[in-house]
Amino acid sequence: MSAPWLAPLAASPVDATVEVPGSKSITARALYLAAVADSPSVIHGALDARDTRLFADALEVMGARVEDAGAGTLRVAPMTLPPRGGRIECGLAGTVMRFLPPLAALSPEETLFDGDEQVYARPLGPLLDALVRMGATVTYHGERGHLPFTIQGPIHTPLGAQAWVDSSSSSQFLSALLLVSPLVGDPLFVSAPGVVPSMPHVEMTLASLAGVGIDLEVVDEGRADLATWHIFPSRPHGGEITVEPDLSNAGPFLAAAMVTGGRVRIPAWPAATTQAGDAWRALLGHMGADITLDEGGLTLRGPGAGNYPGIKATMAEVGELTPTLAAICAYASTPSHLSGIAHLRGHETDRLAALAAEINRAGGQAEETEDGLVITPLPLHGAQIRSYADHRMATFGAILGLVTPGITVDDIACTSKTLPTFEALWASLVSADGQGFAPEAPVSSAREEE
């Protein structure tokens, strides 16, 4: 294993324009829909990272052809349906292990799904149970409800044209069922009983489907605990798809402006989007950032460590932002309470346990609650931050290192999962010869921000 990465200190407030690569979430949905479309497609602005390469490779196993034309442009020739069977390598990509089993289950051929050993802990049972109810056969080669497994179809329209999936542990289960629904062959009602976390990702899926001509409608049954959509059969239309910048991956750079009292500009920030990362505007604005959104993008000017209050926020809709926000909260002037994120225990790692452990390792104070974190700012010191092979934990450590000398990250290379240029972008953000600066001492006894 390579030596730990020494996080660079900021010698002065950062001042940079950062061009963030395309959204991983939108790239995955665009690839999926292009691969099952009625004609070829061209995807512009696609993210080139480990997750998206694994996704494209899996689609090629199934029969599509994905050509990298350079500069973020992908040319996709669709597969013949039903797809071919074979072996799918998931790596650590939740989109591969969750979006593609339903597509594979259209086929009478067997498809084996496997991945990195760490991903074996991530739950899949509710989605695979939903596919079994639709006629699929699933054979587990380890723990039930987890990778590795073999799936074989074909799935069919269930009795009453009603399909449902428990998505309380991951919105990806619902997105996976919605994506395959137009291909099953009959109009289908897709339901998710109970609370679904990260609903912006589901809205992104629905917008992606509608954008390629899939006819769908929301079914209002007057029940707050049951979301249902009516999906009509059709292959998506081929054509041109443009991927927005990844607003979640913009978070660490915005955080750099927050904790150093600097300025960061993100070009091409969309005026309207389904991305969860758009919540940065409200979250950081509430903590005192000066934010401007215009035709050229988004500009954030931060107050600097110790000069902004903590936050009390329900993060259920935007849980993926939590590691970055936790780093910002560690340098606030008052405590923060982040809630609604119990589902983060099933992400790349148990992110609640990881964040609490790493903040405490660096001298801070963080406690897990039943569904979140309470972070009380204390002066931090140098420490080796564990990434847990989780890209967002690695960038969390990089943010701490802007302000606190002696912060290292054990595996910064895991950022290649979604942002392979992270190290270069981060290096361009800060001064290489700086000695860092001391934030004002946090007032840990102050009342929590409401």
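**A quick tour of the chain**

Arg-133 sits over the face of Trp-164, 3.7 Å from the ring centre (a charge counts as over a ring if NZ of Lys or CZ of Arg is within 6 Å of the ring centre and within 35 degrees of the ring normal). Keep in mind that this is a predicted model, where local features need pLDDT of at least 70 and side-chain atom pairs count only at pLDDT 80 or more, while totals for chains, interfaces and linings use all residues. Residues are numbered from 1 along each chain as its sequence is written, and side-chain values use heavy atoms, leaving out hydrogens and water.

**Overall build**

- The chain has 12 helices and 23 strands; these are DSSP runs (helices H or I, at least four residues; strands E, at least two), numbered from the N terminus.
- Its radius of gyration is 22 Å, close to the 22 Å that the globule rule gives for 450 residues, so the chain is as compact as a globular protein of that length (the radius is taken over C-alpha atoms, and the rule is 2.2 Å times the number of residues to the power 0.38).
- Along its principal axes, the C-alpha trace spans about 60 × 45 × 45 Å.
- Of the 450 residues, 57% are buried (under 20% relative accessible area, with exposed over 50% and partly exposed in between, using a 1.4 Å probe and protein chains only).
- Take the contacts (heavy atoms within 4.5 Å) between residues at least 6 apart in sequence: 74% of them join residues at least 24 apart.

**Around Glu-320**

- You'll find Glu-320 in the loop between strand 18 (312-314) and helix 9 (322-329).
- With 14% relative accessibility, Glu-320 counts as buried.
- Setting aside neighbours within four places in sequence, Glu-320 touches His-201, Ser-248, Ala-276, Arg-351 and Arg-392.

**Aromatic pairs**

- There are six aromatic pairs (rings of Phe, Tyr and Trp, the last by its six-membered ring, with centres within 6.5 Å; planes under 30 degrees apart are stacked, over 60 edge-to-face, the rest tilted).
- Phe-253 and Phe-422 have ring centres 6.1 Å apart and planes at 50 degrees, so this pair is tilted.
- Phe-253 lies in helix 7 (residues 251-260) and Phe-422 in helix 12 (residues 422-427), so the pair ties together parts 169 residues apart in sequence.
- Both Phe-253 and Phe-422 are buried.
- Elsewhere, ring pairs link Phe-113, Tyr-140 and Phe-149 into a cluster.
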